[in-house]
Amino acid sequence: MTNILLASAREIFATLIGFDTTSRNSNLELIAWVEDYLSQHGVASTRVVNADASKANLYASVGPAVEGGIILSGHSDVVPIDGQDWDSDPWTVTERDGLLHGRGTCDMKGFIALALAAVPLFKDGRKPVHLAFSYDEEIGCLGAPAMIAEMAAKLPKPALAIIGEPTMMKPITGHKGITVHEVEILGHEAHSSLTHLGISANMVAVELMHDLAELARSLWENADPDSPFIPPHATLTIGKMAGGTAPNILARCAQFVFDLRCPPGTDPDAILAPFKAKCAALDSELKRAFPETGVRVTQQSNAPPMTHAGSEQAEAFIRRLTGDNSPAGVVSYAAEAGQFQQAGFPTVICGPGSIEQAHQPNEYVSVEQFARGADFMARLVEELA
């Protein structure tokens with residue numbers, strides 16, 4: 001069974017990698033292909049689209065409409081290849097020295113391909129498998145919540161959810177949460193020699209970014225030594241920034257985006273409250289000088305962490321399939337697992353590859369890990385038979 005499943009998965013894998021589903025793009029071509037594939041196997045699927053219908057989640061149930069099924073979930077989007085030095089076409093699976101290279105091979109189209117390859121085998125199970133494929137996970141876990149809510153409302157209650165992020169096929173029972181914020185500053189243009197006649201948005205932005213850098217340092221200095229996460233503390237980084245038009249003009253506009261990743265039990269709102277209070281005070285101060293100026297902070301995403309609580313039986317189930325008896329781990333990246341858990345599904349992360357291989361030029365999953373993923377799916381088929 002495993003060899004047949006593995007061969008099919010390799011073909012599906014090559015097809016999925018061929019779709020450029022970088023988060024800034026639509027994922028609808030990939031979704032349409034998956035819909036057609038499922039239809040060929042007699043499986044109906046449901047789209048849950050975004051506001052302008054340019055992207056979609058997709059979920060489908062394979063097998064009988066009864067409680068106790070298993071959710072297999074993965075995100076369809078990938079990170080950009082911009083500025084990265086690739087040795088092969090990122091949108092083609094290229095095997096070199098036992099490694100399968102391509103954007104999304106590790107994170108996480110390999111798991112999706114394995115799940116789809118097992119569909120013909122899942123159809124005859126006594127319990128269903130619910131496939132759940134999302135969009136925009138890479139930019140803050142934005143797409144999955146609407147799909148998860150619909151699945152919770154409409155599906156016979158599943159027993160657990162498996163999120164196929166790369167874990168070297170080991171069970172993971174905890175991850176950090178993530179909140180992403182954009183800060184926009186609107187200044188008042190003037191000649192750069194006449195600073196008293198305007199407001200440089202860039203100078204305001206630098207001050208605020210300095211505050212965030214100090215906050216990041218404070219989080220590091222006050223880390224919980226008993227935390228299982230690496231790094232153990234909440235982390236804050238500024239990922240994007242832009243501003244100004246010329247060296248001799250007080251910048252009218254500046255903008256930056258930062259993310260804060262918190263372990264379970266750490267409140268991101270409390271951490272950011274002083275920063276947001278300063279932004280509000282600066283906004284009022286700038287408006288007193290020039291009414292059109294100001295500071296605006298916009299929360300772009302807020303995905304919850306995942307904890308071990310309530311997922312003990314799910315972890316035991318995964319261990320039966322993988323044969324892994326090492327201590328359950330946690331990961332510092334954010335994922336959709338916390339969103340599934342928040343909706344009431346016992347949840348575990350388990351998938352082929354390592355997060356250390358993701359998001360890089362020449363991203364890869366090893367042939368060995370892909371084969372272990374196929375073996376996992378074959379054992380799941382047997383468990384549900």
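The following paragraphs describe selected local features of this predicted model.

The account begins with helix α3, which spans residues 105-117. Although α3 has 13 residues, its end C-alpha atoms are only 15 Å apart. A straight helix at 1.5 Å a residue would reach 18 Å, so the span of α3 falls short of that value.

Most peptide bonds are trans, and most residues other than glycine have a negative phi. A further cis peptide bond runs from Ile230 to Pro231, with omega near -5°. Pro231 belongs to the loop between α6 (201-221) and β10 (235-243).

Cys141 is not a glycine, yet its phi is positive, at about 55°. This residue, Cys141, sits in the loop that connects β6 (129-134) with α5 (144-154). Its relative accessibility is 3%, and Cys141 therefore counts as buried, the cut-off being under 20%. Met168, likewise not a glycine, has a positive phi of about 60°. Met168 is placed in the loop between β7 (160-163) and β8 (172-175). At 32% relative accessibility, Met168 counts as partly exposed.

Attention now turns to a side chain in another loop. Asp324 lies between α8 (312-322) and β13 (329-331). Because its relative accessibility is 9%, Asp324 counts as buried. Its side chain makes a polar contact of 3.0 Å with the side chain of Lys170. When neighbours within four places in sequence are left aside, the residues in contact with Asp324 are Lys170, Pro171 and Arg319.

Rolling a probe the size of a water molecule over the atoms shows where empty space is left. In this model there is one cavity of 30 Å³ or more, and the largest cavity holds about 30 Å³ of space. Its lining consists of Thr21, Thr22, Ser23, Asn25, Asn27, Lys55, Asp77, Tyr135 and Asp136. By residue class, this lining comprises one nonpolar, five polar and three charged residues.

Terms used
Residues are numbered from 1 along each chain as its sequence is written. This is a predicted model: local features need pLDDT of at least 70, side-chain atom pairs count only at pLDDT 80 or more; totals for chains, interfaces and linings use all residues. Side-chain values use heavy atoms; hydrogens and water are left out. Helices (H or I, at least four residues) and strands (E, at least two) are DSSP runs, numbered from the N terminus. On a 1 Å grid over the protein atoms alone, a cavity is a set of points where a 1.4 Å probe fits but cannot get out, and a pocket is an open set with protein on both sides within 12 Å along at least five of seven lines; lining residues have an atom within 4 Å of a point. Grid points are joined across faces, edges and corners, and a volume is the space filled by probe spheres set on the points. Ala, Val, Leu, Ile, Met, Phe, Trp, Tyr, Cys and Pro count as nonpolar, Asp, Glu, Lys and Arg as charged, and the others, Gly among them, as polar. Buried means under 20% relative accessible area, exposed over 50%, partly exposed in between (1.4 Å probe, protein chains only). A polar contact is a pair of N or O atoms within 3.5 Å; within protein, one must be able to donate a hydrogen and the other to accept it, and residues adjacent in sequence count only if both atoms are side-chain atoms. Contact means heavy atoms within 4.5 Å.
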